[in-house]
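Take a look at the structure below. Then read on for a short tour of its main features.

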Amino acid sequence: MSSAEPAKSLLALEPEELAERVVQLGGRPFHARVIRREVLARGTLDYGSMTSLPVGLREALTAEVPILAGVEADRTVARDRTVKLLIEFTREAGQDALVETVHIPPRKPDSKKGATLCVSTQVGCPVACPFCASGLAGLTRNLAAHEIVEQYVRGRAIGPLARSVVMGIGEPLLNWESVKRALDVVHDEMQLGARKMTVSTVGFPDRVRRAARDRPRFQLAISLHTPDDDQRDELVPSMAGTPIEDILAAGDDWFRETGREVTYEVVLLGGVNDSAGHAQRLAARLRSRRATVNLIPFNPSPDIPYHRPTPAAVETYRSTLEEHGVVATVRWSRGLDGTAACGQLRIRAR
Ligand code: SAH
């Protein structure tokens, strides 16, 4: 191996590859399972503490096989204890390979509940919604499955996890193979249940249907944002021309296939899509469906020409949906001080 090529990290090795590597380093094939269990089920992050392995193997692994591939480039802790990690994965030819992972602890400091972890799936994003900081510079590359798993391992090292949302940087269904493989590992080996994981997507209908058929171990959230076709073409430009009814039909198919209801997300942009009329038209589309709505008041971000909705507009939107028979929850963002909103940490570090 040339010195320019870094050693593959433990999580990047397939289980069979790891077994081979362990044997090369003087261990037995079953040690590979022990090591994966230590890292994924128990959260051990140094070989030295894996006392069920022979000492010689622990030393050889420490020298040859890094457990993690990335580097923590920055860490910001907000007043409410939300932690934003900026993780740098291998820099290739000067490419920016920074992603964010956010660890959001329960509101009450003494709560025994675990945190919610928000993970990224791509370096940048090709969807380019005009209100979202993640797509400002387009897509650099997809994350590999092990880079997604690594975010969970790093997040759990901050504190125990109760839930996870795939709502960081990137469009998960445009990197489906890696997202699927990673979440299967998180489900099977890190024991985070399917009802505890949510993947958020802009909802490409064919990709939603394909994911539904692939035994997904998570809930689906679709970023709808508006009941009006022309406005959706503006807010999610890469899907321009896809009628909202086609997206909702794919959501219905997801429900039929998986038995799990879809959550529709609406980022409320002050004066743009937050009127009572918008809420009424959205309710008309969703009333007959098995679905709930999450309302996310916009987090202002430098260089993004939108505004936060007024609390009164948010409440009117929510109560209008409910009056029309659609269940809605408002999700005010956490960790707004210091670390600020979606995508900002990565932008500031550039
Ligand atoms: N690409 C996926 C997942 C990433 S974003 C998606 O679009 O669903 C997760 C959610 O955060 C999406 O609903 C997105 O629209 C929303 N979001 C993006 N920027 C935001 C901001 N500045 N304030 C509030 N929500 C934002």
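## The model

The model shown here is predicted. Residue numbers start from 1 and follow the written sequence.

## Around the ligand

Start with the ligand. The shell around the ligand holds 18 residues. Among these, Gly170, Ser200, Ser223, His225 and Asn299 come nearest. By type, the shell divides into nine nonpolar, seven polar and two charged residues.

In serine 200, a polar side-chain atom is 2.6 Å from a ligand oxygen. For serine 223, an N or O atom of the side chain also lies 2.6 Å from an oxygen atom of the ligand. For histidine 225, the distance from a polar side-chain atom to a ligand oxygen is 3.2 Å. How much of the ligand does the protein bury? Taken alone, the ligand exposes 530 Å², and the protein buries 94% of that.

## A run of paired strands

Strand 2 pairs with strand 3 in the antiparallel sense, over six bridges. Within this part, isoleucine 87 stands opposite valine 99 of strand 3. Strand 3 is mostly covered, with six of its seven residues buried. Strand 3 also pairs with strand 4 (residues 115-118), again in the antiparallel sense, over three bridges. Here histidine 103 has leucine 117 of strand 4 as its bridge partner.

Parallel or antiparallel: how do strand 4 and strand 7 run? Strand 4 and strand 7 (residues 161-166) run parallel and are joined by four bridges. Cysteine 118 stands opposite valine 165 in strand 7. Strand 7 then pairs with strand 8 in the parallel sense, over three bridges. Valine 166 has valine 199 of strand 8 as its bridge partner.

## Salt bridges

Side chains of opposite charge can pair when their charged atoms come close. How many salt bridges does a search of the whole structure find? The search finds 23.

Take arginine 21 and glutamate 64. They form a salt bridge, and their closest N and O atoms are 3.2 Å apart. Arginine 21 sits in helix 1 (residues 15-24) and glutamate 64 in helix 3 (residues 55-64), so the pair ties together parts that are 43 residues apart in sequence. Arginine 21 is partly exposed, at 22% relative accessible area. Glutamate 64 is partly exposed too, at 37%.

Next come glutamate 100 and lysine 84. Their side chains meet in a salt bridge, at 3.2 Å from N to O. Glutamate 100 belongs to strand 3 (residues 98-104) and lysine 84 to strand 2 (residues 83-88), so this pair ties together parts that are 16 residues apart in sequence. Buried or exposed? Both glutamate 100 and lysine 84 are buried. Strand 2 and strand 3 are also the antiparallel pair with six bridges.

## A helix, a loop and a network

Another salt bridge joins the side chains of aspartate 188 and arginine 217, at 3.6 Å from N to O. The pair links distant parts of the chain, 29 residues apart. Aspartate 188 lies in helix 5 (residues 176-189). Arginine 217 lies in the loop between helix 6 (205-213) and strand 9 (219-223). Aspartate 188 has a relative accessibility of 41%, so it counts as partly exposed. Arginine 217 has a relative accessible area of 15%, so it is buried, as the cut-off is under 20%.

Some salt bridges share partners. Together they join Asp229, Glu245, Asp252, Arg285 and Arg289 into one network.

## A buried valine

End with valine 314, which lies in helix 10 (residues 311-323). Valine 314 is buried, with a relative accessible area of 2%. How far is its C-alpha atom from that of serine 275? The two C-alpha atoms are separated by 8.7 Å, while the residues are 39 apart along the chain.

Key
This is a predicted model: local features need pLDDT of at least 70, side-chain atom pairs count only at pLDDT 80 or more; totals for chains, interfaces and linings use all residues. Side-chain values use heavy atoms; hydrogens and water are left out. A residue is near a molecule or strand if one of its heavy atoms lies within 4 Å of it. A polar contact is a pair of N or O atoms within 3.5 Å; within protein, one must be able to donate a hydrogen and the other to accept it, and residues adjacent in sequence count only if both atoms are side-chain atoms. Accessible areas come from the Shrake-Rupley method with a 1.4 Å probe; for residues, only the protein chains shown count as cover. Ala, Val, Leu, Ile, Met, Phe, Trp, Tyr, Cys and Pro count as nonpolar, Asp, Glu, Lys and Arg as charged, and the others, Gly among them, as polar. A salt bridge is a side-chain nitrogen of Lys or Arg within 4 Å of a carboxyl oxygen of Asp or Glu. Helices (H or I, at least four residues) and strands (E, at least two) are DSSP runs, numbered from the N terminus. Buried means under 20% relative accessible area, exposed over 50%, partly exposed in between (1.4 Å probe, protein chains only). Two strands pair if DSSP finds at least two bridges between them.
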